[in-house]
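Please find below a colleague's note on the model. The remarks are set out as numbered points.

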4 protein chains.
Amino acid sequence: MNVGVIGASGYVGGELLRLLIKHPRVDINLATSRRYAGEFVYRIHPNLRGWTKLKFMAFNPSKATDACDLLFIATPHGVSSTFMPEIIETGIRVIDLSADFRLKDPKAYIKWYGWEHSCPELLEKAVYGLPELHRDEIRRGQLIACPGCMAAAAILALAPIAKRGGIEKNRVIVDFKVGSSGGGAKPSLASHHPEHFGVIRPYKPVGHRHTAEIEQELSILSGEKFSVAMSAHAVNIVRGILATCHLFLTEQISVIDVWRIYRQFYGDEPFIRLVREMKGIYRYPDPKVVVGSNYCDIGFELDMDYSRLVLLSALDNLMKGAAGTAVQDMNIIFGWDEKEGLWDLGLHPI
Amino acid sequence: MNVGVIGASGYVGGELLRLLIKHPRVDINLATSRRYAGEFVYRIHPNLRGWTKLKFMAFNPSKATDACDLLFIATPHGVSSTFMPEIIETGIRVIDLSADFRLKDPKAYIKWYGWEHSCPELLEKAVYGLPELHRDEIRRGQLIACPGCMAAAAILALAPIAKRGGIEKNRVIVDFKVGSSGGGAKPSLASHHPEHFGVIRPYKPVGHRHTAEIEQELSILSGEKFSVAMSAHAVNIVRGILATCHLFLTEQISVIDVWRIYRQFYGDEPFIRLVREMKGIYRYPDPKVVVGSNYCDIGFELDMDYSRLVLLSALDNLMKGAAGTAVQDMNIIFGWDEKEGLWDLGLHPI
Amino acid sequence: MNVGVIGASGYVGGELLRLLIKHPRVDINLATSRRYAGEFVYRIHPNLRGWTKLKFMAFNPSKATDACDLLFIATPHGVSSTFMPEIIETGIRVIDLSADFRLKDPKAYIKWYGWEHSCPELLEKAVYGLPELHRDEIRRGQLIACPGCMAAAAILALAPIAKRGGIEKNRVIVDFKVGSSGGGAKPSLASHHPEHFGVIRPYKPVGHRHTAEIEQELSILSGEKFSVAMSAHAVNIVRGILATCHLFLTEQISVIDVWRIYRQFYGDEPFIRLVREMKGIYRYPDPKVVVGSNYCDIGFELDMDYSRLVLLSALDNLMKGAAGTAVQDMNIIFGWDEKEGLWDLGLHPI
Amino acid sequence: MNVGVIGASGYVGGELLRLLIKHPRVDINLATSRRYAGEFVYRIHPNLRGWTKLKFMAFNPSKATDACDLLFIATPHGVSSTFMPEIIETGIRVIDLSADFRLKDPKAYIKWYGWEHSCPELLEKAVYGLPELHRDEIRRGQLIACPGCMAAAAILALAPIAKRGGIEKNRVIVDFKVGSSGGGAKPSLASHHPEHFGVIRPYKPVGHRHTAEIEQELSILSGEKFSVAMSAHAVNIVRGILATCHLFLTEQISVIDVWRIYRQFYGDEPFIRLVREMKGIYRYPDPKVVVGSNYCDIGFELDMDYSRLVLLSALDNLMKGAAGTAVQDMNIIFGWDEKEGLWDLGLHPI
């Protein structure tokens, strides 16, 4: 099976290449980059040295669809919607990791992204590519819109309780701590090592764009408007997200109840681990433990004094938060084992 | 004026020594450590090399009170209450940086610390040593109980709004991100560099002890029970705390209103800076900027969609969160300029 | 094939477990730890959560040899020599990752390790387990002594030039920069995160123990006494070693010559990459790029003004510096593809 | 006394502002930046918030010389030589922190910097501004050329032994490990946090420009050509340099001898500390301990087996490696206490 990566010079593109190179069932026919066209991909992604002779090419839609059976798109937000109709028309399967097709409501793009969507008719067609929620639609879908990294962390932490209820749906807070790779491969003053090292920087205390997709997905599960108030902080790591979700309970609930809700919801999902230990130093999810793996670790604690449920989720923003989920979607689409090319542990210590 | 530091080999003790060595009005007569008695203090606190020939001594209460006009106590929690009555009897001024005299309610020690207080009669006498709230009592007090580092960050962020009201007092969440020095100088597996580097570790998602003092102080200001649901996360830095406070508003409030409330409350407090910029990369408080200084930077954002007020405070846990406030208290006690020995900027970049 | 790991609770032991769990041809029958006997291994190695139900057991030599076809030993230095004769007698294959059988000269243990070797007769029998130098002996060997992590980095950087000559053999300097995981899993003040974070600590400017094995191996290649003056520095990362080797040339040599020497020596070694780029930001070896992989990246630069050759090597101390090489040795012993279970890329960025 | 800072928006400029704001004897009349003209300086240097209302201005030489008694220049290399003659003519004292006037030999600028010097006649007039070597000339000088940060570390480590002799003068190696702030305030891919975090990057294994000034100064002391072969590595910290100097002895020398040589050379230099402890975890110089201070810590070890002397020096590249030395030079020029405005300890832990 031949696949291509459009926008392959960024961090998500590089992670896709890493996974696809190792994937036993696909060949990478195409890796595009406007900026680095003609350059060896290992020059930009130094971990690929010795693993591929591929060079970046400029993107040409018709050539791309000719050469490939499936396209991964990892361009910046606002780009893929400019060429998607042309591509989709050819019938090719597309997994888009940008935000352009995640939201169902065209008006939400004006509110959250500041631009009018150029092909709103495709929004309906697009599938929100989180396997744990939309496996069947992914299998049948032509256009898969992969979740945002922070959205994936929040939705996976909250989905079971959003569906089950028993919490104040307009008092949900998600406090994020994220690594620097989530900001992309383009240098800026904010990402300059002397300025970013050692920060606990509340870079988006309110109004983060991922709110839109989180609320969209959780409202579906909840059956009514489900609000999520986000705050995002940058911390001194490269990979990883921790989402700390604070919820207020409207009814009595026990630790065993929460376990049961989460176990039932996730069953034997291959990439969800429930983590809550009574001893040791890794009693709750910690991004440190999932770096390089496709896991989303989920844990929780009950704060009886305050009727509060604290849900915690940790994932690698480039894996389960982006490229890992995209490859999982591809495996679903082609009917392969969902773990193919993804079945790996994290490193410890790291 | 002669001062002594009891429990001087820990990080708070070391920071006290650093500040007192530079302080123009005091001499350090005494630095005690059970473990390192006989050792030069600069061996343990390498930044003091060349600044003092002082050696650690074993602690002897009567010698300590004889030699000093004021004692700083930086022993582990549960220690100072064992010898405090003997010391207080001599009339000496004491600034205790442990938790032993922060709480007014003796029963709270059983609930939060797990031990019965041995001299509850002193709890009433003790003053909670946060200058911004209790300046006059500190001036007159004999026994000052310095705030916990996370408590200081939360109380300073919340005090003005707790006093003013207009928020849901039982829906307040404070999500903390803290550096490793807050865990003290004693090595453990959790603090082992390979295990602690790169973490976002939710080490205390519920039930943190500082809850008690935060609620005590804010309830006084609020005039009624003020609840604070804490969650504490360890991140990959050494010094610094960021407190992200999430509050739900019960009435309409504007950015200008919040500015006014905070400006009025803090007036010209020397160590409070209000930080909220429309541009640049340090638009909100960030511990990176206050490391080594005695500042508590406070900022905020309004999330109109969710009637949410996000308050942010950043401080250096060893300075404004411990030794800096203790020295500020000493300055108040002796009627000196409050900034004496503390008037310094942070370093940038660091 | 059944294998066991003796001393499985340390970092090298944990990395062995990670690799062996993924290895398609072996089952782990045994993981021993005195300290954690009875505990699930994933409690200590949190990345293994969900991958094994194995528990640590106490070590019993006869049970171990009965249960396994090959034993990996990752105990602290000085331990394996106490039980090795008993084990070796059974004919079992052993790969020892401690220092106990690396040196040929029994007297070297007194000089460098401070203890007399208890079974010097086995030193002759033992094979120094660096595949790039001793592949054939490893295949036939019963007792393989895996190289130290810093020794591996230095030997791989220097072997080709040591063999070829043309440098001052008593003026070789190797300046190491190493991550904290090299110090092992046991906490200490030196490894306490507040004390270790941000260091550039010259913890062993002279007299490092690995000198002995480096000189032993390079002297063999060189055909005469080859001296290496080491200095070791701890830096603010967890995994990785960079060895900077400074050599003075005794004859004219060109960049092309060095390339040729190294290409000829290493041929198509699967885990050696020669890295020297004229552009980009990863022009030379950097441990950041090899974390989690079994590569040793080697690069160089010529300093014509000073007749100096600078050789650089980077590896992951737990992989090519320990467990990765051990598994490579096992693959050689059993005649499997040498890359089996090891054929993986690094992550980027990380 | 009125001073100005030309090129005040970089890290060295910011550090100068920090020191000058605290300095009791000067007022800052001028801080120039082409890029940020009109902007408050605290927007770029967030640690200065609340300490100054100063705004950046565009640079105008005649206005600058009118307004100030002394000018600090912290522009990029190659800039100050374009306007220096015009400024010097007015008789104003100038402390230049760029490389433009550090070298005596005009041809060296072509070799090491790649441009022809536009006012070579001023090179002779300029004083190399390292107080420990040129205190008297600094006092009388009009144009002071402050040392490069790595040069300062190397020269201070090597000066006493270069003067004394007994080492192979053409076999001196200095292996540097440097923090990211040394690369300046301008973002690039190499300094992007995801790319720079966790590196041990040999960014300049040979041919570093500071070689020229190091050899210039040490050759003067040595009385003959003194060669220094440099290699520079970037590590995962922001502030700090460690220079590891490897020298081969030509005569027997003892630890006591080395102590004596260094003590005699440095006498009671206020900012030099000799660090060599037999116990503890900070036995040798470590940049972690000097961050924020003006110290250069110097230590050593003898490697008898190899006739090697290892000299170690640690300093804060923005302090003793730049702005701290510049302020020390100013104090000398004006006859003030040399420690004025600089007499501070480092922070620990940090």
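The points that follow cover the basis of the model, a sheet and a helix.

1. This is a predicted model, in which local features need pLDDT of at least 70, side-chain atom pairs count only at pLDDT 80 or more, and totals for chains, interfaces and linings use all residues. Residues are numbered from 1 along each chain as its sequence is written, while chains are lettered from A and ligands numbered from 1 in the order in which they are written.

2. Chain C holds an open sheet of seven strands with mixed pairing, ordered β8-β9-β7-β10-β13-β12-β11. Helices (H or I, at least four residues) and strands (E, at least two) are DSSP runs, numbered from the N terminus; strands pair if DSSP finds at least two bridges between them.

3. The edges of this sheet are β8 (200–204) and β11 (272–274) of chain C; each has a single partner strand, so one side of each lacks a neighbour in the sheet. From one strand to the next, the twist averages 25 degrees.

4. Within the sheet, β10 (residues 241–248) and β13 (residues 308–315) of chain C run antiparallel and are joined by eight bridges. C:Thr244 has C:Leu312 of β13(C) as its bridge partner.

5. In chain A, helix α8 (residues 149–164) is largely enclosed by the rest of the structure, because 14 of its 16 residues are buried (20 or more other C-beta atoms within 10 Å of the residue's own, C-beta atoms being placed from the backbone).

6. Just after α8(A), A:Gly165 has a positive phi of about 85 degrees.

Notes: Axes fitted to C-alpha atoms, helices over the stretch in contact; angles between N-to-C directions. Expected span 1.5 Å × (residues − 1). Buried ≥ 20, exposed ≤ 12 C-beta atoms within 10 Å, placed from the backbone.
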